[in-house]
Amino acid sequence: MTFNRLMVLIVGICGFVGMAYLPPVMILWLGILGNGTLMAALFGVTFCSTFWQGSSMGALTSIAVGFCTSAYLLLGTDLGWVQGPLYGCVASAIIYIGVSLVTRRTAVPAEA
């Protein structure tokens with residue numbers, strides 16, 4: 001809990017300092033990054049788990065890959081604010097299913 005509070009404080013201070021120097025740009029990018037990366041991170045877990053049950057390792061990996069993919073495509077490429085999160089959603093769904101298949105436990109038959 002202390003780590004979470006410390007991270008919120010650090011991100012809040014960085015956001016405040018950034019908004020003091022670039023208010024319109026910072027608010028725009030904060031909204032785009034916040035919504036786009038959140039959507040990409042949670043798409044695989046929420047949408048795919050409705051139809052197919054994966055593993056917890058697949059869910060955690062899917063969240064990380066969706067977030068990182070969307071953030072990279074938004075900040076590091078010339079893709080627009082729509083394409084980056086959508087590609088992140090696709091990566092998140094593929095990773096969720098792939099990692100869940102690899103880490104799925106098989107039932108061990110009980111010995112009599």
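**Close-up views of a predicted model**

**Figure 1. Packing of helix H3 against helix H4.** The axes of helix H3 (residues 56-76) and helix H4 (residues 83-103) come within 7 Å of each other and cross at roughly 155°. Because an angle over 145 degrees counts as roughly antiparallel, H3 is roughly antiparallel to H4. The crossing of H3 with H4 is right-handed. All of these values are computed from a predicted model.

**Figure 2. Residues at the contact of H3 with H4.** On the H3 side, the contact is made by Met57, Gly58, Ala59, Thr61, Ser62, Val65, Gly66, Thr69, Ser70, Leu73 and Leu74. H4 contributes Gly84, Pro85, Tyr87, Gly88, Ala91, Ser92, Ile95, Tyr96, Val99, Ser100 and Thr103. Taken by residue class, this contact holds 11 nonpolar residues, 11 polar residues and no charged residues.

Figure 3. Ser62 is found in helix H3. This residue has 0% relative accessibility and therefore counts as buried, the limit for that class being under 20%. With neighbours within four places in sequence left aside, Ser62 is in contact with Ala41, Gly44, Val45, Ser92, Ile95 and Tyr96. Among these partners, Ser92, Ile95 and Tyr96 also belong to the H4 side of the contact of H3 with H4.

**Figure 4. The largest nonpolar core.** The largest nonpolar core has 5 residues, namely Val45, Cys48, Ala59, Ala93 and Tyr96. At least two residues of this core are supplied by H2, and at least two by H4. When neighbours within four places in sequence are left aside, Ala59 is in contact with Val45 and Tyr96. Val45 and Tyr96 are also among the contact partners of Ser62.

**Figure 5. Phe47 in helix H2.** Phe47 lies in helix H2. Its relative accessibility is 43%, so Phe47 counts as partly exposed; this class lies between the limits of 20% and 50%. The C-alpha atoms of Phe47 and Ala93 are separated by 8.2 Å, and the two residues are 46 residues apart along the chain. Ala93 is one of the residues of the largest nonpolar core.

**Figure 6. Leu30 in helix H2.** Leu30 has its place in helix H2 (residues 23-51). With a relative accessibility of 55%, Leu30 counts as exposed, because that class begins over 50%. A distance of 9.8 Å separates the C-alpha atom of Leu30 from that of Met19, and these residues are 11 residues apart along the chain.

Notes: Residues are numbered from 1 along each chain as its sequence is written. This is a predicted model: local features need pLDDT of at least 70, side-chain atom pairs count only at pLDDT 80 or more; totals for chains, interfaces and linings use all residues. Side-chain values use heavy atoms; hydrogens and water are left out. Axes are lines fitted to C-alpha atoms, for helices over the stretch in contact, and angles run from 0 to 180 degrees between N-to-C directions. Helices (H or I, at least four residues) and strands (E, at least two) are DSSP runs, numbered from the N terminus. Angles under 35 degrees count as roughly parallel, over 145 as roughly antiparallel, 65 to 115 as roughly perpendicular and the rest as oblique. A crossing is left-handed if the near helix is turned anticlockwise from the far one by less than a right angle, and right-handed if clockwise. Contact means heavy atoms within 4.5 Å. Ala, Val, Leu, Ile, Met, Phe, Trp, Tyr, Cys and Pro count as nonpolar, Asp, Glu, Lys and Arg as charged, and the others, Gly among them, as polar. Buried means under 20% relative accessible area, exposed over 50%, partly exposed in between (1.4 Å probe, protein chains only). A nonpolar core is a set of buried Ala, Val, Leu, Ile, Met, Phe, Trp, Tyr and Cys residues joined through side-chain atoms within 4.5 Å.
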